[in-house]
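Trainee: Please show me how to read a protein model, one feature at a time.

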Amino acid sequence: MNQADVSKLVSKLRIKLYPRARKFKNADGPEGRLKKLRKTVTALVKHERIELNYPRADEARAYTERLISEAIRHGDCHKTTMELADFWLEEKQLVHKLFKVLVPRYQTCNVSYTRMYKAPRPYPGDYDKKAVLELRGHPYPALVTDMHNNRNLIHNVLLDEAKKEYRAAKYIEFAAKITSAEQIAVKEDQTTSNVSESSLVTPKSEQSTT
């Protein structure tokens with residue numbers, strides 16, 4: 001089976017995954033780590049925004065993206081997808097939310113289904129990196145305000161004034177070109193009228209001499 005056929009079988013993730021080694025310590029070993037990831041994915045689907053350690057958020061994000069992608073691709077009538085949802089979602093009522101709420105929300109989505117932000121670390125406290133992991137389209141207020149549309153920020157004010165000055169200079173330049181073109185047209189009309197008058201006058205002078 002070539003690479004094109006394999007890509008048809010597996011959904012492509014919409015986030016970047018960097019090939020780096022992960023070091024997770026858990027007292028229960030790999031099973032405890034997997035159980036913690038399942039709890040993270042379940043909490044994300046349930047609450048749609050959670051705060052946790054950065055490495056676990058980064059890993060749980062990939063599993064959530066794959067779960068939502070498979071649900072959108074195959075639907076709730078696909079046996080393997082239902083087994084996948086049953087495995088990752090510990091609270092079984094969230095399976096209904098996955099197929100009836102999240103799938104219609106992301107049906108026409110062209111970007112990733114999740115966002116992840118770096119959160120500030122508490123001081124004094126542990127030195128682990130914190131992150132906020134959330135689903136797109138959640139009902140909570142945005143963590144990062146849209147700075148581009150805020151016209152009261154200093155850089156937006158300066159840009160607006162620069163645009164006004166540029167437009168005023170362009171208007172003056174266009175007006176000067178129009179006036180110069182009108183003056184040239186008037187001069188050409190005067191010269192053509194003078195030439196026509198002179199051509200009409202010369203035959204009369206010639207007739208008088210004859």
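Trainee: Let me start with one residue. Is Trp88 buried or exposed?

Mentor: We go by relative accessible area, found with a 1.4 Å probe on protein chains only: under 20% is buried, over 50% is exposed, and anything in between is partly exposed. Trp88 has 7%, so Trp88 is buried. Phe87 comes out at 32%, so Phe87 is partly exposed. Across the protein, buried residues make up 25% of the 210 residues.

Trainee: What should I know about these values before going on?

Mentor: This is a predicted model, so local features need pLDDT of at least 70 and side-chain atom pairs count only at pLDDT 80 or more, while totals for chains, interfaces and linings use all residues. Residues are numbered from 1 along each chain as its sequence is written, and side-chain values use heavy atoms, with hydrogens and water left out.

Trainee: Back to the rings, then. How many aromatic pairs does the structure hold?

Mentor: Rings of Phe, Tyr and Trp (its six-membered ring) pair when their centres lie within 6.5 Å; planes under 30 degrees apart are stacked, over 60 edge-to-face, and the rest tilted. By that rule the structure holds three aromatic pairs. Take Phe87 and Trp88: their ring centres are 5.2 Å apart and their planes stand at 85°, so this pair is edge-to-face. Ring pairs also link Tyr63 with Phe87 and Trp88 in a cluster.

Trainee: Which ring does the charged end of Arg38 sit over?

Mentor: A charge sits over a ring if NZ of Lys or CZ of Arg is within 6 Å of the ring centre and within 35 degrees of the ring normal. Here the ring belongs to Phe87, and the charged end of Arg38 is 4.6 Å from its centre.

Trainee: Now the overall layout. How many helices and strands are there in the protein?

Mentor: Both are DSSP runs numbered from the N terminus: helices are H or I with at least four residues, strands E with at least two. The protein has six helices and three strands. Starting at the N terminus, the order is α-α-β-α-α-α-β-β-α.

Trainee: In what order do the three strands form the sheet?

Mentor: Strands of a sheet pair through backbone hydrogen bonds, parallel or antiparallel. We count a pair when DSSP finds at least two bridges between the strands. The order here is β1-β3-β2, an open sheet with antiparallel pairing. That leaves β1 (49-53) and β2 (114-119) as edge strands, each pairing on one side only. From one strand to the next, the twist averages 25°. Helix α2 (residues 30-47) packs on the sheet and touches β1, β2 and β3, and its direction makes about 150° with that of β1. Those angles run from 0 to 180 degrees between N-to-C directions of lines fitted to C-alpha atoms, for helices over the stretch in contact. Contact, by the way, means heavy atoms within 4.5 Å.

Trainee: How many bridges join β2 to β3?

Mentor: Six bridges join β2 to β3 (residues 130-135), and Met116 has Leu133 as its bridge partner in β3.

Trainee: Which residues are on each side of β3?

Mentor: In a regular strand the side chains alternate between the two faces of the sheet. In β3, one side has Lys130, Val132 and Glu134, the other Ala131, Leu133 and Leu135, and all of these are buried.

Trainee: Which residues touch the most other members of the largest nonpolar core?

Mentor: Such a core is a set of buried Ala, Val, Leu, Ile, Met, Phe, Trp, Tyr and Cys residues joined through side-chain atoms within 4.5 Å. The largest has 28 residues, and Leu67, Ile68, Leu89, Leu98, Phe99, Tyr106 and Leu133 touch the most other members. At least two core residues come from each of α2, β1, α3 (54-74), α4 (79-88), α5 (93-105) and β3. Beyond its neighbours within four places in sequence, Leu133 has contacts that include Leu44, Glu48 and Ile50.

Trainee: Where does Glu48 lie?

Mentor: Glu48 is in the loop between α2 and β1, and at 6% relative accessibility Glu48 counts as buried. Most residues other than glycine have a negative phi. Glu48, however, has a positive phi, near 70°.
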